[in-house]
Amino acid sequence: MKNLSMAVDIGSVSVKGILVDEEGNLISKYYLKIIGDYVTTYGRVINKLRSSINLNEYRVSSFKLTGKRKRLLERSLGKDYFYNEINAICNCVSSIYKVGTIIDIGNSLKIINFRNNSVIDYMIDDFNSYGKFIDRAIELLGISDINIFKTKVKFNNTNTIIFNYNIINILLKKYSKEEILLGIYNLVIDNILCNLKDINIRDNIIITGGLSLNKSFIKLLEVSLNKKIIVMGNSLYSPCIGIVSNNGEKILIHK
């Protein structure tokens, strides 16, 4: 019977999980948005991963958790099962790159400078809303891919946490959906750039987290930074991969 490692990331928006064998092959992965109780969503992800394998062939011999939402599970399972999220993300990326800056954009923002698998410095912005804010705007407008060089709506001195979504219906009377969404993307990027003032950006900029999958947003961020951005395969699962980082490179490039 072959041994598998299971790693689960419990974020503020979703739960992600992976199963990896001893050779570093990605056997299964699963992502589920949190609706209501995050513990229930966690249970569904675990069950989905287990149901994806032949239990006569595989067994889960190692199990680790990371992520923001963990308090209830930590009480029941114990702290030994949990891994620091910042270190997990760093372990994931440093399996390929030796030095650089990681910008992890989920619902919160994490900026991590690392060198040789060690965190040099980092910051977390979990006051502003990033992923949920953009997801809500995309849901209301019904689009996500846009021309980033189009004219945009300018939102002055607006924080994402106090954004009034009702203004979108008012703006639609004058502006196109693309112009509004581009303005919203820029508003989020303004928050990112503001946070980057306190961090010295390294040569390699690697993006992880849910917003790494939004191609228009990432291209706009790249233009705004005037630097090349790297988005690796399976970037959504980077904290999970970091827990089993001995074979992180193989998992990252796995489709």
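Colleague: Which residues does threonine 41 touch, not counting residues up to four places away in sequence?

Modeller: In this predicted model, threonine 41 belongs to helix 1, residues 38-51. Setting aside residues up to four places away in sequence, the residues that threonine 41 touches are Val15, Leu32, Lys33, Ile34 and Ile35.

Colleague: Is threonine 41 buried or exposed, and at what relative accessible area?

Modeller: The cut-off for a buried residue is under 20% relative accessible area. Threonine 41 falls under that cut-off and is therefore buried, with a relative accessible area of 2%.

Colleague: Where on helix 4 do its buried residues lie?

Modeller: Helix 4 spans residues 131-141, and its buried residues are Gly131, Phe133, Ile134, Ala137 and Leu141. Viewed down the axis of helix 4, these buried residues fall within an arc of 165°, so they line one face of the helix. An α-helix has 3.6 residues a turn, so residues three or four places apart point the same way. The buried residues of helix 4 thus lie on one face.

Colleague: Which helices do the buried residues of helix 4 pack against?

Modeller: The packing involves the buried residues of helix 4. Their partners are helix 5 (166-171), helix 6 (177-196) and helix 7 (215-225).

Colleague: How is helix 4 oriented relative to helix 6?

Modeller: The two helices pack at an angle of about 175°, with their axes 11 Å apart. Angles over 145 degrees count as roughly antiparallel. Helix 4 is therefore, relative to helix 6, roughly antiparallel.

Colleague: How many residues of the contact of helix 4 with helix 6 are nonpolar, polar and charged?

Modeller: Helix 4 contributes Phe133, Ile134, Ala137, Ile138 and Leu141, while helix 6 contributes Lys177, Ile180, Leu181, Ile184, Tyr185, Leu187 and Val188. These residues divide into 11 nonpolar, no polar and one charged.

Methods: Residues are numbered from 1 along each chain as its sequence is written. This is a predicted model: local features need pLDDT of at least 70, side-chain atom pairs count only at pLDDT 80 or more; totals for chains, interfaces and linings use all residues. Side-chain values use heavy atoms; hydrogens and water are left out. Buried means under 20% relative accessible area, exposed over 50%, partly exposed in between (1.4 Å probe, protein chains only). Helices (H or I, at least four residues) and strands (E, at least two) are DSSP runs, numbered from the N terminus. The arc is that of the directions from the helix axis to the C-beta atoms. Contact means heavy atoms within 4.5 Å. Axes are lines fitted to C-alpha atoms, for helices over the stretch in contact, and angles run from 0 to 180 degrees between N-to-C directions. Angles under 35 degrees count as roughly parallel, over 145 as roughly antiparallel, 65 to 115 as roughly perpendicular and the rest as oblique. Ala, Val, Leu, Ile, Met, Phe, Trp, Tyr, Cys and Pro count as nonpolar, Asp, Glu, Lys and Arg as charged, and the others, Gly among them, as polar.
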